[in-house]
Amino acid sequence: MNRTTTSLLAAVAALAAVTGFASLRPDDESTRRETLEQQSPRPVERTALTCPRPTAAESATTWYTAYTPAADAPAGGEEGGDSAALLPAPEYAPGAEGDAAEEDQEAEQAEGAQDAEDAEPVVPLTEPGLPVSARVRDAEAPALTGTAEQGLAPGWTVQQTTSILSGPGRGLLGTSCQTPDTEFWFAGASTAGSRADYVHITNPDEAATVVDIDLYGPDGRLETDAGQGITVPPGSSVPIRLSTLNSEPQDDLAVHVTARTGRIGALVEAVDEGLGADWLPPSGAPSGRLVLPGIPADARSVRLVAFAPGEEDISLDVTLAGPGGTITPAGHETVSVHAGSLTAVDLENLTHGEPGSLVLTPDPGSGTGTVAAALLVTTGEGDEQEMAFIPATAPVERRASVSGNTADGTALSLVAPDEAVEVEVTYSAGTDGGEPVTETHTVEAGTTLVLTPELPGSTEGQFAATIRHMGGGTLYASRTLTVEEDGATAFTVQTLPDDRSTVAVPDTQQDLSVLTD
C-alpha cells in the first residue's frame, strides 16, 4: 500500500474514535472489507449528551445520575484527558418580533451564556464504574448539555428522573439524556383538551441552528407554519407547546423535528390532566421489525400509535413476547399503517397480568420502510392512574447501560424475539457505597425475561446497570423505575439501545489493499 493511503486511513480512524461515527465504505462493499473493519473496534473518545429542562412544577424534585461502565479496553486517548460533566443550557423563548424585542433577546442570551459559563458542573464524573448523583429542587432548573472525553466517553449515560407530588403533571418523569442528532420522530404526542405537550429542543453546539417541526395526524400532515424556521441559539433550550402549532385538537400525533444545521436534542414532555406526566422519547427503531419492550404486568391499558413516513403502506403482524413465550393477541393480529398518516389502536389489557413486550413484524407481502411507533401504557385506577411511554427501540448489539436505579424499584426487561440470547448483567456500586455484582442469564427465544436486582447489603444510593450481549440472537431491553409516594405508585420506562461505545476502524498494520479498490 502506498504511504498516502496509509495516512488517510489513520486520519479516518482517529476521526471515527472522536466522533463515534465512521463512514468508511459504500453499502455494496465486499464481505472481506466488512469483516476487516469489524476486527478492529476502538472505543469512542468523545460523547455528547443533552438533558431537557426538568419541569416548572414547584413540588418537583429531580435526580441526575451519571455513569460510565468500567472499560472493556483503554480508550487510547491522551493521558489525563478524562472528563465528563453537564452544564446549564439557558431557556430561550422564540417568537418576539421587532428591533426592541430582538435586542432584549440578545441581552437575555448573553446573560444566559454568562450564567452557564459561571455555573458549577452537574454530576461531574471522575472514574468509570462509579456512578455519581445530584438532587435538584428548583422550578427554574435549566436544560443541560455536556461531553465526556477519553476514558469516560465510551458508554457515558445520564439519567434524569423527576418526581412531582401534586398538580396536573404529578407522577414520575424519566428519561435518559440524549445523544444529539439532526432528526427525530415521535409517535404518541397529543393536542387533546386534557393534554399539554411540549417539545423541548436543546442546542449543544457553539453556533445557532434553525429547527422545523412537522405534525401528522390520522389524515396526514397538518398545517404548522409556526413550526417552521425556529431559531435555537447556541448552548440554549427552547420549549414549544404543540397546540400553538395547530389550532385543531388531535388525540394522537406524530411529530417530526429536524435541524437544518448542526445537532440538537429533542424530547416531548407529555402532561395529562388525569394521567400525570412523562417524557415521550423519539422512536429509535430501524426499518423492519419493531420491538417495544417492558410493558409492566399491572398495565391497565396499552395504546399503540404508529406512523409510516415513507411512500408505502405497511402491514404489521402483532405478537406479544411474555415470560412463557410469544402469543398473538386475539382481535389484534395485524395493524395497517398507511403511508403519511397516523394509526392508533387500543390494545386494552394486553398483558393480562404478566409482563411482556410488543413485537411488530412487517408482513412479507406489505410495503417496506421505517415506522415510528410508541406505546402509551397506563396503570392504577381512578385518581391514581399513571402513564408512561415505551417507544420502539434499537437492539443491544454489544452493551447498554442505565443509571439512576433504586434497590426496591428497578426491573430490567430483556427480550429475545427470535433466538435465545446469553447476557451478562452488572449492577454497579451505589452512589454512596458498595461493590459491583455481575450475573449471567439466558433469555429464551420468543420471551421477555424480567430481572429485579439482588444487591449486596453494602450498596447504598442509586446504582447503574450494564447489559452485555454475550451471544445468540437479537436482544432488546428496557428499564422500569417505580416509586411509592403517599400510598400511590408512579412509574417510568426507559428503553436501552446499544451505547455505541465503539466504532469499527481498520487496523493500519493489516493488509488494507482491499480499501483502495
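**Cavity, disulfide, sheet**

A: By the rule used here, the count is one cavity of 30 Å³ or more. A cavity is a set of points on a 1 Å grid over the protein atoms alone where a 1.4 Å probe fits but cannot get out. Points join across faces, edges and corners, and volume is the space filled by probe spheres set on them. The model is predicted: local features need pLDDT of at least 70, side-chain atom pairs count only at pLDDT 80 or more, and totals for chains, interfaces and linings use all residues. Residues are numbered from 1 along each chain as its sequence is written, and side-chain values use heavy atoms, with hydrogens and water left out.

Q: How much space lies in the largest cavity?

A: About 30 Å³.

Q: Which residues line the largest cavity?

A: G188, R195, D251, D252, R303, V305, L376 and F389. Lining residues have an atom within 4 Å of a point.

Q: And by class, what is in that lining?

A: Three nonpolar, one polar and four charged residues. Ala, Val, Leu, Ile, Met, Phe, Trp, Tyr, Cys and Pro count as nonpolar, Asp, Glu, Lys and Arg as charged, and the others, Gly among them, as polar.

Q: Switching topic. How many disulfides?

A: One, counting cysteine sulfur atoms within 2.5 Å. C51 and C177 form the disulfide, with sulfur atoms 2.1 Å apart.

Q: Where do C51 and C177 sit in the chain?

A: In distant parts, 126 residues apart. C51 is in strand β2 (residues 46–51), and C177 is in the loop between β9 (171–176) and β10 (183–189). Strands are DSSP runs of E, at least two residues, numbered from the N terminus.

Q: Is that disulfide right-handed or left-handed?

A: Right-handed, because the torsion about the S-S bond of C51 and C177 is about 110°.

Q: Are C51 and C177 buried or exposed?

A: C51 is buried, at 1% relative accessible area. C177 is buried too, at 8%. Buried means under 20%, exposed over 50%, partly exposed in between (1.4 Å probe, protein chains only).

Q: Now the sheet. What is the strand order?

A: β28-β33-β30-β31, an open sheet of four strands with antiparallel pairing. Two strands pair if DSSP finds at least two bridges between them.

Q: Which strands stand at the edges?

A: β28 (399–405) and β31 (437–443). Each has a single partner strand, so one side of each is left without a neighbour in the sheet.

Q: How many bridges join β28 and β33?

A: Five, in the antiparallel sense. R399 has R468 in β33 as its bridge partner.

Notes
1 Å grid on protein atoms, 1.4 Å probe; cavity = no way out; pocket = protein on both sides within 12 Å on 5 of 7 lines; lining within 4 Å.
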